[in-house]
Structure formats: structure tokens, C-alpha cells
Amino acid sequence: MRLDGFHGRAGFGKRPALIVVDMSVGFTDPASPLHCELEHVVEAIERLLAVVRAARLPVVYTTVGYDEAAREKARVFIDKVPALLTLESGSRWVEIDPRLAPQPGEAVLTKLFASAFYGTPLASLLMAQQCDGVVVTGASTSGCVRATAVDALQHGYRVVVPREAVGDRKPSAHEANLYDIDAKYGDVLPLDAVLEHLEQFALAEVRPR
């Protein structure tokens with residue numbers, strides 16, 4: 001159901017960055033207590049990475065990791081979600097899934113809370129790259145993806161979320177949060193539509209100047 005006065009289209013902006021939220025082994029490996037079913041999300045992000053890299057647009061990854069000091073700082077969050085203790089700094093659980101491995105020059109930001117902006121230099125990185133939009137991918141839709149989308153809007157960025165490139169543990173939470181994001185915070189679009197738009201940046205990159 002679409003409500004009058006909601007679901008406007010904000011678009012991609014003139015220079016969007018791809019944000020890959022928390023696609024670490026701790027979320028993609030079924031052996032982890034934080035696991036989400038993300039096989040289709042990995043495949044979707046692989047396709048997005050290929051196009052974004054061809055267009056020479058920025059790519060930024062986030063991961064969650066806790067050392068002793070970070071555990072104290074995020075104590076209330078960890079009390080609420082004790083499974084977060086799995087994400088110990090330096091362990092394999094905080095490493096980006098090797099299928100989506102960052103390339104040299106692509107930032108990997110460690111965060112302690114849900115939003116990719118909170119307590120990280122993400123806003124400064126995007127400003128330095130002269131970005132005015134973000135394509136938000138990763139996990140989970142109802143947690144870190146939503147928090148990142150909301151914060152991106154509040155920082156003045158145009159937000160796009162490719163539907164197939166985000167995932168959650170619970171289908172109903174996934175759908176409800178995609179609805180809310182599309183209604184108020186960003187444009188939730190089919191993956192193919194996002195790829196088609198981003199391919200225009202790649203084509204512009206290879207045209208003679």
C-alpha cells in the first residue's frame with residue numbers, strides 16, 4: 001500500500017558510492033550465531049561491485065568488531081544482543097566474506113553500533129570523494145541497513161537500496177523495513193534497475209574525452 005505524500009523518488013545523485021554493510025564472515029557463515037541467509041545477497045553485491053568498480057565510483061565496506069575497550073563502549077548494545085561478542089577484533093568473524101573481498105584502496109570501516117555513520121569516518125570519506133548519494137547493501141535489513149539508510153538521509157545523501165542486495169533473518173522484518181525505507185528514507189529498487197543506472201556511469205568512464 002502506497003500512502004499519499006510518501007514514496008517520493010530521491011534518485012541516485014550525481015556521484016553515488018556503494019556501501020557494503022557488514023558482509024563479514026560473522027554474518028554470512030552458518031556457523032555464526034549472527035548468521036543471516038545471505039547467499040543471494042552475496043551474488044547481488046558481486047554484480048554491483050563489478051559495475052561500480054568499472055565506473056570508478058567509491059566502494060566502502062563496514063564490519064563490526066570488538067576489542068576490550070570497544071566492548072565497554074558498546075556494553076548496552078551487547079547486553080541487548082549478546083551474540084555480538086562473536087565479533088571479536090582480529091578473529092575471522094570480522095573479516096569481509098572473501099567472495100566480496102575489498103580491492104586495494106577500498107576502505108573497510110570498523111563500527112560498534114548499527115549505523116555505518118555512527119562513530120566512523122564514513123561521512124568524511126564520502127565528502128572527500130564528492131559523493132552526493134549512496135547505494136546501501138548488506139545486512140541486516142531491519143538493523144544496520146536501515147540505520148545506515150536513515151543516517152545517510154540525515155547527512156544529506158540520496159539513498160538507494162537494491163532490494164535483492166540486502167537480507168535479514170526474518171522475511172517479515174525484511175519486507176517491513178524495505179517498505180519503511182522506501183516510504184521515508186530512500187528509493188528501494190530492483191537490482192536490475194540499479195545496475196542499469198550504474199552502468200551509465202561505467203559507460204561514461206570509457207567514452208573518449
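Guide: Happy to. A disulfide here is a pair of cysteine sulfur atoms within 2.5 Å. Keep in mind that this is a predicted model.

Visitor: How many disulfides does the structure hold?
Guide: The count is 0.

Visitor: Is Cys36 buried or exposed?
Guide: Cys36 is buried, because its relative accessibility is 1%. Cys131 is buried too, with a relative accessible area of 8%.

Visitor: And Cys144, where does that one sit? What is buried in H6?
Guide: Cys144 is among the buried residues of H6, which also include Val145, Arg146 and Asp151.

Visitor: What do those buried residues pack against?
Guide: They pack against strands S1, S3, S4, S5 and S6, and against helix H7.

Visitor: What span should H6 have?
Guide: Helix H6 covers residues 141-154, and its 14 residues should span 20 Å at 1.5 Å a residue. The C-alpha atoms at its ends are 18 Å apart, which agrees.

Visitor: What follows H6?
Guide: Gly156 follows, and its phi is positive, near 95 degrees.

Visitor: Switching to the surface: which residues make the nonpolar patch?
Guide: Met1, Leu3, Phe6 and Tyr179 make a patch of about 430 Å². Met1 lies in the segment before strand S1, and Met1 counts as exposed because its relative accessible area is 77%, where exposed means over 50%.

Notes. Residues numbered from 1 in each chain as written. Predicted model: local features only at pLDDT ≥ 70, side-chain atom pairs only at ≥ 80, totals over all residues. Heavy atoms only, no water. Patch = residues over 30% accessible without salt bridge, like charges linked within 9 Å, V, L, I, M, F, W, Y side chains within 5 Å. Areas by Shrake-Rupley, 256 points an atom, 1.4 Å probe, with all protein chains shown as cover. Salt bridge = Lys/Arg side-chain N within 4 Å of Asp/Glu carboxyl O. Helix = DSSP H or I, 4+ residues; strand = E, 2+ residues; numbered from the N terminus. Buried < 20%, exposed > 50% of the residue type's maximum accessible area, 1.4 Å probe, protein only. Expected span 1.5 Å × (residues − 1). Contact = heavy atoms within 4.5 Å.
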